[in-house]
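Try each task before reading its solution.

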Number of protein chains: 2
Amino acid sequence: MGGDHGPQPVVEAAAAALALYPQIEHIFLVGIEKELSAKLAALPHDRSRLSTVHASEVVTMEDKAVEAIRRKRDSSLSRAVDMVRDGEADAVLSPGNTGAFMAAALIKLRTLPGVDRPGLATVMPSRHGKFLILDLGANADARPRHLCDYGVMGEIYARQILGVPNPRIGLFSIGTEEMKGNELTLEAHKLLKDSPVNFVGNIEGHDLFADKADVIVADGFTGNAVLKSCEATSHLVHDWMKEELSRNPLRKFGAWLATGAFRDLKKKANPDEYGGAILLGANGICIKAHGKASANAICSALRIAADAITRQVNTLIIEEIRLTHEKEHPAQPAPATSA
Amino acid sequence: MGGDHGPQPVVEAAAAALALYPQIEHIFLVGIEKELSAKLAALPHDRSRLSTVHASEVVTMEDKAVEAIRRKRDSSLSRAVDMVRDGEADAVLSPGNTGAFMAAALIKLRTLPGVDRPGLATVMPSRHGKFLILDLGANADARPRHLCDYGVMGEIYARQILGVPNPRIGLFSIGTEEMKGNELTLEAHKLLKDSPVNFVGNIEGHDLFADKADVIVADGFTGNAVLKSCEATSHLVHDWMKEELSRNPLRKFGAWLATGAFRDLKKKANPDEYGGAILLGANGICIKAHGKASANAICSALRIAADAITRQVNTLIIEEIRLTHEKEHPAQPAPATSA
């Protein structure tokens with residue numbers, strides 16, 4: 001209910017996803033029943049695999065994260081996460097308030113065994129392909145251990161969902177050399193080097209799109225800064241280009257002839273096919289679609305949710321995190337499972 | 001000597017700057033004398049205000065920062081900084097190795113009284129103007145105090161050099177609300193709020209170019225990440241655009257008609273007029289030109305160096321930093337000047 005375009009694109013995406021992806025057993029549309037049913041009535045869909053679940057409240061984009069979860073207990077966002085917690089669903093997807101969604105996931109689902117902090121990950125286009133970047137802000141004050149865990153979780157995601165056979169894991173830093181960075185990345189560099197992942201070292205800002213890594217790891221503050229700065233730059237350049245191209249009739253005519261180029265450029269810069277971010281390390285598959293996501297983007301995100309379930313991303317994360325931590329503390333008899 | 005294009009653009013810029021800016025009393029070209037003289041001979045210039053100073057070594061872009069300063073004592077970079085330390089020059093400009101230049105400045109010049117850590121600052125274009133951003137990596141592990149000092153120093157630079165009457169100071173963070181950020185920015189937010197600067201709160205990545213602040217303050221790791229990510233995005237979008245526009249004859253023809261738009265766009269995205277970064281807080285005016293800087297960009301950077309001297313940027317920084325720290329600790333009788 002709380003996405004920028006309300007439930008319309010979500011309802012459309014659900015109907016489409018059921019037709020496209022037979023591996024999706026059932027989709028529950030959580031929200032104000034009357035609205036959802038009205039929208040569904042207008043769409044052909046597989047009734048046996050689609051149902052609505054009523055939730056009377058809506059978390060808005062302006063609501064404060066934790067407060068929204070505490071106060072609006074019957075919001076679509078809260079209820080959808082509840083369904084995963086209660087085993088009624090395997091994954092939850094929301095185009096709503098990011099902070100509230102992450103808070104709901106953390107409070108209600110908690111983390112996978114062995115994972116201290118989940119990381120929000122998204123796919124960004126690179127010069128000749130794509131890469132996964134995390135954390136985008138689930139955890140603003142990361143410790144070296146968290147960055148290493150992001151590497152492990154990102155590796156599994158890249159392998160299982162993006163289909164990269166041996167994902168290269170890079171650490172975002174301010175220089176490519178091993179000794180360049182801040183205290184956090186210098187320490188994380190050592191942990192990643194000793195971890196089982198295919199660590200390719202530091203990736204600096206200038207090399208962000210240079211296809212040097214399939215997964216780029218950063219603390220939540222840096223990841224958020226990098227992602228948003230890139231988006232802001234891309235928007236600025238596009239807007240300036242539009243401005244310059246409409247400055248006189250000759251330029252306008254030229255731009256009109258080359259329209260296809262600008263359309264293709266836009267598609268390259270904002271691909272719909274990975275429409276969302278995933279909260280890796282949460283105890284349940286949690287997909288955050290963009291607030292402005294189109295039905296197409298949400299439909300892709302639903303496929304990713306299904307893939308994450310069938311390809312057992314979370315089971316693999318638990319196993320790999322256990323191995324990584326064991327390797328680090330080989331002296332301990334066994335990973336402590338509490339007394 | 002150590003810039004990407006060697007001494008040629010520097011020599012050209014020096015000759016031009018003397019003709020353009022009468023406020024520049026004298027320029028010393030530091031480097032391999034024979035090379036410099038040969039290049040000078042080919043250029044008309046004011047001989048009474050331009051001289052060469054021999055330095056036999058060159059710090060390359062591959063040299064490690066501190067090592068380069070320790071080992072290559074007779075490098076042009078080192079010798080030029082020496083001249084400021086020894087009072088023979090008021091400012092130093094280099095298009096060479098950034099790390100080595102900052103190391104030389106810190107080791108040889110140290111910081112202004114009251115300043116704990118200098119910040120590397122540069123001007124970036126915004127949607128409708130420009131803004132100063134610092135630190136770009138002089139100090140990867142900043143404390144809240146440093147971020148506040150960057151605000152104070154940036155404010156003086158914006159006022160004195162960029163001509164902004166009452167500069168708005170913003171703090172880079174991962175959300176616009178006061179309580180969004182990491183431990184560092186949350187603490188720095190409080191200090192900036194209590195400081196004498198015109199603090200406008202957090203600026204998040206999406207608002208980087210939204211003209212909400214004249215100075216944006218960040219720790220060196222984040223500033224470096226943001227600047228380089230923006231540059232990488234801009235390059236990627238430009239390259240992709242070129243690719244798309246040359247994909248077929250129609251697009252090529254359209255692009256050719258609109259050539260002016262792309263030229264103007266490039267000028268907007270990479271303005272030469274602030275050609276460099278300044279190490280604010282160093283005990284001496286230190287300007288770092290881009291390694292690939294054109295003679296034009298270096299000439300602008302020379303004007304900025306001259307402005308920073310005549311408009312007493314460093315004297316004002318000392319005074320303002322003193323006032324800020326006094327205001328924070330009003331109980332103390334006087335700023336401690338050591339026993």
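Predicted model: local features only at pLDDT ≥ 70, side-chain atom pairs only at ≥ 80, totals over all residues.

**Exercise 1.** Find how chain B is superposed on chain A, and which C-alpha of chain B is nearest the axis.

*Solution.* Start with the rotation: turning by 180 degrees, with 0.0 Å of shift along the axis, superposes chain B on chain A at an RMSD of 0.0 Å. That is the relation of a two-fold axis. Next, look along chain B for the C-alpha nearest this axis; it belongs to B:G254, 1.9 Å away. Finally, compare the contact surfaces: 100% of the contact residues of chain B recur in chain A, so the same surface serves both copies.

**Exercise 2.** Classify the aromatic pair formed by A:F253 and A:W256, and say where the two residues sit.

*Solution.* A search of the whole structure gives six aromatic pairs over all chains. As for accessibility, A:F253 is partly exposed at 41%, whereas A:W256 is exposed at 60%.

**Exercise 3.** Which residues have the most contacts inside the largest nonpolar core?

*Solution.* This core has 108 residues, and the answer is A:F262 and B:F262. Now follow B:F262, leaving aside neighbours within four places in sequence: its contacts include A:M241, A:L245 and A:F262 from chain A, and B:M241, B:L245 and B:A255 from chain B. Apart from this core lies another, of 61 residues, including B:V10 and B:L134.

Methods
Residues numbered from 1 in each chain as written. Chains lettered and ligands numbered in written order. Heavy atoms only, no water. Phe/Tyr/Trp six-rings, centres within 6.5 Å; stacked < 30°, edge-to-face > 60°. Helix = DSSP H or I, 4+ residues; strand = E, 2+ residues; numbered from the N terminus. Buried < 20%, exposed > 50% of the residue type's maximum accessible area, 1.4 Å probe, protein only. Least-squares fit on C-alpha atoms with pLDDT ≥ 70 in both. Contact = heavy atoms within 4.5 Å. Core = buried A, V, L, I, M, F, W, Y, C linked by side-chain atoms within 4.5 Å.
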